[in-house]
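I began with open space, then went on to the packing and to a few single residues.

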Amino acid sequence: MSTLHSHSATWRDLDDDFDIGVRLGEGGGGSVHEATQRSLRRVVAIKRLHGMKDADAVRRFHDEATIMGRVAHPNIVPVLMHGRIEGLPVLVMERIEGLDLARVMGRLAERQGARTVGALRHALGAEALPWPDSAAWWKVAAALVAQIARALDHAHRCGVLHRDIKPGNVLIARSGAALLTDFGVARWIE
């Protein structure tokens, strides 16, 4: 029996509970969309992969759900559930208001290299960042890196190696928190 069918019991049909909205981002094999979960009246993010047909891809996606479900940490985007929508496996995650670090860096570069908390507030569309306007840019950067380092340390202690740390996989929330996401190529540490 193929993996696709052997995991069918774990892939609940979620079509009736979620309305898929705007695309928030796209990567090599999939996309993340904002969605509304009708039963709980909440906004979430849904990661779904394109053309998810073969059993090996379904197994890897199931592994990502399992890994993200086990590495709960304040600086890791939480996975709330997984299932199928329109026949394709999805991860339902907490919707983080903010931008990935790659976009934040791009917006800061558009402001001719502005390295101020005010420029960061503008890039994120956030008013209540936890740093004063007078904070040095390097102190803010160090605080964000420290948050991601704590998330990675936690993942390692849980036996998980992320393997894809890059600005596009770090979300900067409008609260100023840095959150690690996308454990798609993560592996268990032996």
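I started with the largest pocket, for which I got a volume of about 1,000 Å³. Of the 41 residues lining this pocket, those closest to its centre are Gly25, Val32, Gly168, Asn169 and Asp182. I keep in mind that the model is a predicted one, and that the totals for linings use all residues.

I then asked which elements supply at least two residues each to the lining of the largest pocket. My list reads strand S1 (18-26), S2, S3, helix H2 (55-70), strand S5 (88-94), strand S6 (98-100) and helix H3 (101-110). H2 gives the most to this lining, with 4 residues. Sorted by class, the lining has 14 nonpolar, 13 polar and 14 charged residues.

**Cores.** Next I looked up the largest nonpolar core, which has 42 residues, and noted that Leu124, Trp131, Leu180 and Phe183 touch the most other members. At least two residues of this core come from each of H2, S5, H3, helix H4 (117-124), helix H5 (137-157), S8 and S9. H5 gives the most to this core, with 6 residues. Apart from this core I found another, of 9 residues, which include Val44, Ile46, Met81 and Val92.

**His162.** From that list I picked His162, which sits in the loop between strand S7 (160-161) and strand S8 (170-173). Is His162 buried or exposed? I note it as buried, because its relative accessibility is 1%, and buried means under 20%. Not counting residues up to four places away in sequence, His162 touches Leu152, Asn169, Leu180, Thr181, Asp182, Phe183, Val185 and Ala186. I also checked His162 against Ala126, 36 residues apart along the chain, and found their C-alpha atoms separated by 29 Å.

Asp182 belongs to the loop between strand S9 (178-180) and strand S10 (187-188), and I record it as partly exposed because its relative accessibility is 23%. Asp182 has a positive phi of about 60° although it is not a glycine. With a relative accessible area of 78%, Arg41 is exposed.

**Gln37.** My last entry concerns Gln37, which lies in strand S2 (residues 30-37) and counts as buried at 2% relative accessibility. Which side chain does the side chain of Gln37 meet in a polar contact? I found that of Asp17, at 3.1 Å. Not counting residues up to four places away in sequence, Gln37 touches Asp17, Phe18, Arg42, Val44 and Met81, and I note that Val44 and Met81 are among the 9 residues of the other core.

Note on methods:
Residues numbered from 1 in each chain as written. Predicted model: local features only at pLDDT ≥ 70, side-chain atom pairs only at ≥ 80, totals over all residues. Heavy atoms only, no water. Buried < 20%, exposed > 50% of the residue type's maximum accessible area, 1.4 Å probe, protein only. Polar contact = N/O pair within 3.5 Å; in protein donor to acceptor, adjacent residues only side chain to side chain. Contact = heavy atoms within 4.5 Å. 1 Å grid on protein atoms, 1.4 Å probe; cavity = no way out; pocket = protein on both sides within 12 Å on 5 of 7 lines; lining within 4 Å. Points joined across faces, edges and corners; volume = space filled by probe spheres on them. Nonpolar A, V, L, I, M, F, W, Y, C, P; charged D, E, K, R; others polar. Core = buried A, V, L, I, M, F, W, Y, C linked by side-chain atoms within 4.5 Å.
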